[in-house]
There are 2 protein chains.
Amino acid sequence: MTESNNNPLASVDIQRPIVTVDVVLVTLAGEELRLVLQERDREPEKGRPALIGGYVWPQADVDVTAAALRILKAKACLDGLFLEQLMSFSGPDRDPRGWSVSVAYLALVPQEALESAARSGAAPFHLVDPQSPPALPFDHNRIVAAAMARLRAKSAWSTLPAFLLPSSFSLPELKAIYEKVLGTPLNDSAFRRKILEMRLVEEIEARSVPTADRKRPAQLYRLARPTLTAFDRTV
Amino acid sequence: MTESNNNPLASVDIQRPIVTVDVVLVTLAGEELRLVLQERDREPEKGRPALIGGYVWPQADVDVTAAALRILKAKACLDGLFLEQLMSFSGPDRDPRGWSVSVAYLALVPQEALESAARSGAAPFHLVDPQSPPALPFDHNRIVAAAMARLRAKSAWSTLPAFLLPSSFSLPELKAIYEKVLGTPLNDSAFRRKILEMRLVEEIEARSVPTADRKRPAQLYRLARPTLTAFDRTV
DNA sequence: TTAATAGTGTCTTTTAGACAGTATATA
DNA sequence: TATATACTGTCTAAAAGACACTATTAA
């Protein structure tokens, strides 16, 4: 577990950092963006709501992303959602167990998938405002801030927000989620023009069901490509 | 060095991964972008040109970025350059020493600073084409590809390419480096309009020195803000 | 029919590109 | 003066925004 090396502390062997994964899980609850937390199931900070995370298991995981997927499935009963590596956070003090590296991920889950996970026995979810979350353990507030910045920025030039919606959605719904994530109103005809002309979505043979206050049913669409698609820019 | 846990392999304690840093160092040599490699100074792959990297030292480094800065200084005599964390690469096979996580960084260095580092005793640099580098050890080709994609994408909407230039530069030089990084010609008057109207640069009291084929001296500028500045988008 | 959202058409504004033309240096 | 690059001005094209107007549903 150690490497001999030209260490600044001379004869001391190199200690390996703790390596963990933390997932900033974001969903849409009703009309609002929500950050999904779970109570920690062990020390330190046992019982406190925190990002969904855990150790990387070299014996079990083929890479850190596999660890994130494994942890999401084990702790939140979630599978097949949008997952993107953000960056790593590290240091001697961010975790009381010692010098640690946490590889942070952004994950998006549609409301229905989260509700289904809750019903299938996941530990309870705490939904909080991701723009002003409560004080979280470790450096989780910093990780959330970085994740939300990435979500906001990337949403301006990619199909990212669509991964907060079910697989079929109307253009008014899509526009609403873009506005929610970007925090700014969008021009309706320009939005439709862009989304349709770039062929980011394709019509499906269905319309939304009208409700009391959503009178006219809307044409439903699905993403033309099931993966994240960039427009305007390329990253 | 181990954690007890609800490990899938039951009674086996968790091994900690090796944690390293790899820096994709890019410079401008003459008119061309160049990836800067150094020969590895120890096994494995001793003597082979590779990314500049090394172990994270929990005893010495306050975080992984500090490790990257320490390693750049120790191995390449480089200091004060643009450094941005890319993402982590991980897995059981990428390093023969065992399951490892490498936190990759993109670093940009002006040609003059690299030449000065070479003169001040850094181990020799190997400069190669970053778009089609030779076969590199470990998963370094993959890391280079990710770094170049980030450089290209981010250059379209930020002052990133300016960090490949000395602190003062002319607009023709700035335009040339954008074109080199983006791989596409830019409209001259539109480029000047954008850069000047957004006040990304400010005039300094100097002009470039004319040479045989650069007849008219150009006004010199410096970045209005010494840090990376985004335009159009925000990330 | 009314009300409320869905969707379209078109004019205006903004921004980027094309490109001619002027300015300033060397030789 | 010839020439090569630096720089400016202006027309055109493309994209985004504003907004009126039509369409379709429930009640």
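Ser170(B) stands opposite Leu220(B), a residue of strand E10(B), where strands are DSSP runs (E) of at least two residues and helices are runs (H or I) of at least four, both numbered from the N terminus. This is a predicted model, in which local features need pLDDT of at least 70 and side-chain atom pairs count only at pLDDT 80 or more, while totals for chains, interfaces and linings use all residues. Residues are numbered from 1 along each chain as its sequence is written, and side-chain values use heavy atoms, with hydrogens and water left out.

**Sheet in chain B**
- Three strands form an open, antiparallel sheet in the order E8-E10-E9, two strands being paired if DSSP finds at least two bridges between them.
- The edge strands, each pairing on one side only, are E8 (169-170) and E9 (201-207) of chain B.

**Helix H1 of chain A**
- Val64(A), Ala67(A), Ala68(A), Ile71(A), Leu72(A) and Ala76(A) are buried in H1(A), which means under 20% relative accessible area (1.4 Å probe, protein chains only).
- These residues lie on the same side of H1(A), because they cover an arc of only 135° around the axis, taken from the directions from the helix axis to the C-beta atoms.
- Just after H1(A), Cys77(A) takes a positive phi of about 55°.

Terms used
Chains lettered and ligands numbered in written order. Buried < 20%, exposed > 50% of the residue type's maximum accessible area, 1.4 Å probe, protein only.
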